[in-house]
Amino acid sequence: MFTSPTTGAVLQVDTYRPTRAQRRHLDARDEHCRFPGCRRPARFCDHDHTHDHARGGPTAICNLANLCERHHGMKHATAWTVIQKPHGILEWTSPTGRVYPDTPRRVLEFTALAAAQQPPPF
Ligand SMILES: [Zn+2]
């Protein structure tokens, strides 16, 4: 188990299933399915390992995201691919190669808030 040195939050565990604290963190961060355009609420979603656990993907906040049953199945059964960047940003690539970034709404809010609180650059 790895915890944040500043907050004490559980960041990674050795098991397949995320801890309750990790699931709560993911549900708060994601709010809904993370496939672009899908708004199925997080409470109806799976906590998917972006990089498959069976292929070495860790059970870590930085490798987990909410996907509804439809898009979870699609991720594994089609040519769509996804990678996870810092702050929970997912980058989906369609079978034709087009890239669709998906940023959690709360990341956008907190980034905008932090930028608004910065002193002006002059
Ligand atoms: Zn979905």
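This is a predicted model: local features need pLDDT of at least 70, side-chain atom pairs count only at pLDDT 80 or more; totals for chains, interfaces and linings use all residues.
## Overall architecture

The protein contains three helices and eight strands. Taken in sequence order, these elements give the pattern β-β-α-β-β-β-α-β-β-β-α.

Of the 122 residues in the protein, 20% are buried. Where contacts link residues at least 6 apart in sequence, 41% of them join residues at least 24 apart.

## The E6-E7-E8 sheet

An open sheet is built from three strands in the order E6-E7-E8, with antiparallel pairing. Its edge strands are E6 (81–85) and E8, each of which pairs on one side only. From one strand to the next, the twist averages 20 degrees. In general, the strands of a sheet pair through backbone hydrogen bonds, in either a parallel or an antiparallel arrangement.

## Pairing of E6 with E7

E6 and E7 run antiparallel and are joined by five bridges. Within this pairing, Thr81 lies opposite Thr93 in E7, and Gln84 lies opposite Leu90 in E7.

The two strands form a hairpin, with three residues between E6 and E7. In the turn, His87 adopts a positive phi of about 65 degrees.

## Pairing of E7 with E8

Strand E7 (residues 89–93) pairs with strand E8 (residues 99–102) in the antiparallel sense, over four bridges.

## The nonpolar core

The largest nonpolar core comprises eleven residues: Leu26, Cys33, Phe35, Ala42, Cys45, Ile61, Leu64, Ala65, Leu67, Cys68 and Leu90. Strand E5 (residues 64–67) supplies the largest share of this core, with three residues.

Apart from its neighbours within four places in sequence, Leu67 is in contact with Cys33, Arg34, Phe35, Cys45, Asp46, Asp48, His72 and Lys75.

Technical notes: Residues are numbered from 1 along each chain as its sequence is written. A nonpolar core is a set of buried Ala, Val, Leu, Ile, Met, Phe, Trp, Tyr and Cys residues joined through C-beta atoms within 7 Å. A residue is buried if 20 or more other C-beta atoms lie within 10 Å of its own, exposed if 12 or fewer, and partly exposed in between; C-beta atoms are placed from the backbone. Two residues are in contact if their C-beta atoms, placed from the backbone, lie within 7 Å. Two strands pair if DSSP finds at least two bridges between them. Axes are lines fitted to C-alpha atoms, for helices over the stretch in contact, and angles run from 0 to 180 degrees between N-to-C directions.
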